[in-house]
Amino acid sequence: MDAMWPRWLLTILALWTFPQVAALPELAMVGLGTAGIKKVSTMVEAIQMGYRTLDTALIYQNHAMVRQAMEESHVPREEIFLTSKVSFFPSSLELPKEHQSTFGMTESPLPPELTFHPFNVKGKEIEGIELSLQELGVEYLDLCLIHAPSTSALELWASFLPHLYGYWPKMPSWTEPLVLGATQALTAQEVEARKREAYQQRKRSWLNMEEAKRRGFCRHIGVSNYPVQFMQEIEEYQTEPIYNEQQELHPLAQFRDVQEYTKKAKIFLTGFGTGVVADTPAAEQIARRIGRSPGQVLLRWAVQHQVHVTPKSNQLARLRENLEVLDFELSDADMATLDALDASKVFYWNTSILVPKADRKLRDDL
């Protein structure tokens, strides 16, 4: 055959290859959060009942379960939108020398729920993704996210503290103002002192993600728990777009600046945490009136704000309920009722405290 291919052959090739590209899955409005799911069979049934976006992370230590579930579901890999997250820990857990005597230790301890891995750290994003691919038994991720923006041990602990009083209430509530206040004050000092170093570490992490995408390890890249200012920062050096931001988002913590920014920047926003506030009276009242569950009401609230959701559950009935949030709409009045509940009550990560004080004012054009 001559070097110049016949036009008819090129046309046939184009017609054959286009459906392959068009069939690639995209991020679903309702996906499956796999953290905390205890049985492979539960994941398998979720996939078989229609879930096609699966969300996991290196820190969850469940890649093997997700792999087995995908294999046992018999759903082709190309029909699943697979997300994982890396770069959870800072490159060092050493505490600032000036605070080591205060805490009585040189390195930050880790909550038992968090298992350290040397590839799940800032600067090792490519190695973390390669490990994830190996554990998941796949050649690529549809989406990979930087799991957290913290670049030091103190930043990690300070932003993590809401877990201990909210999502995992393991400390007496009366200690919350004292512990949060003291830790945030120390962190504010460190953030200012390490401003340039932290910036360079976040920049290196993002550029590593871009390199992973160029190598074909992931189709899309993004961030998780990033305040607006850190996403704006990426604009300064990115050559690849932020595809997705994952963020705690529910009526009690609406992060409206994040919602506005991601819409303007054309970044998909995925919210998590609605289950933590399912006992909110307003959600319960709406649920009773319209014949839905409070969880469905809260997920529908997010979806109507064009926020993607990845709820998790070990109950098959609840998993079916979660998919059904696409089958109804909340009225404008009900949406307004839930919108009015915003109290900036964070249960998971408070990463806004990692933004240097001088950078906390959003750009005028936001």
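Colleague: Which residue in strand 4 is the bridge partner of lysine 85?

Modeller: This is a predicted model, where local features need pLDDT of at least 70, side-chain atom pairs count only at pLDDT 80 or more, and totals for chains, interfaces and linings use all residues. Residues are numbered from 1 along each chain as its sequence is written, and side-chain values use heavy atoms, with hydrogens and water left out. Strand 3 and strand 4 (residues 141–146) are parallel and share four bridges; strands are DSSP runs of E with at least two residues, helices runs of H or I with at least four, both numbered from the N terminus, and pairing takes at least two DSSP bridges. In strand 4, lysine 85 has as its bridge partner leucine 145.

Colleague: Which residue of strand 3 is bridged to leucine 54?

Modeller: Strand 2 (residues 53–55) runs parallel to strand 3, and three bridges join them. The bridge partner of leucine 54 in strand 3 is leucine 82.

Colleague: How many of the six residues of strand 3 are buried?

Modeller: In a regular strand, side chains alternate between the two faces of the sheet. On one side of strand 3, Phe81, Thr83 and Lys85 are buried, and on the other Leu82, Ser84 and Val86 are too. Buried means under 20% relative accessible area, exposed over 50%, and partly exposed in between (1.4 Å probe, protein chains only). For strand 3 (residues 81–86), the count of buried residues is six of six.

Colleague: Is proline 241 buried or exposed?

Modeller: Proline 241 is in the loop between helix 10 (228–234) and strand 6 (244–248). Beyond its neighbours within four places in sequence, proline 241 is in contact (heavy atoms within 4.5 Å) with Trp206, Lys213 and Ile221. Because its relative accessible area is 53%, proline 241 counts as exposed.

Colleague: What percentage of the 366 residues is buried?

Modeller: The C-alpha trace spans about 75 × 55 × 45 Å along its principal axes. Among contacts with a separation of 6 or more, 77% are between residues 24 or more positions apart. The buried share of the 366 residues is 52%.
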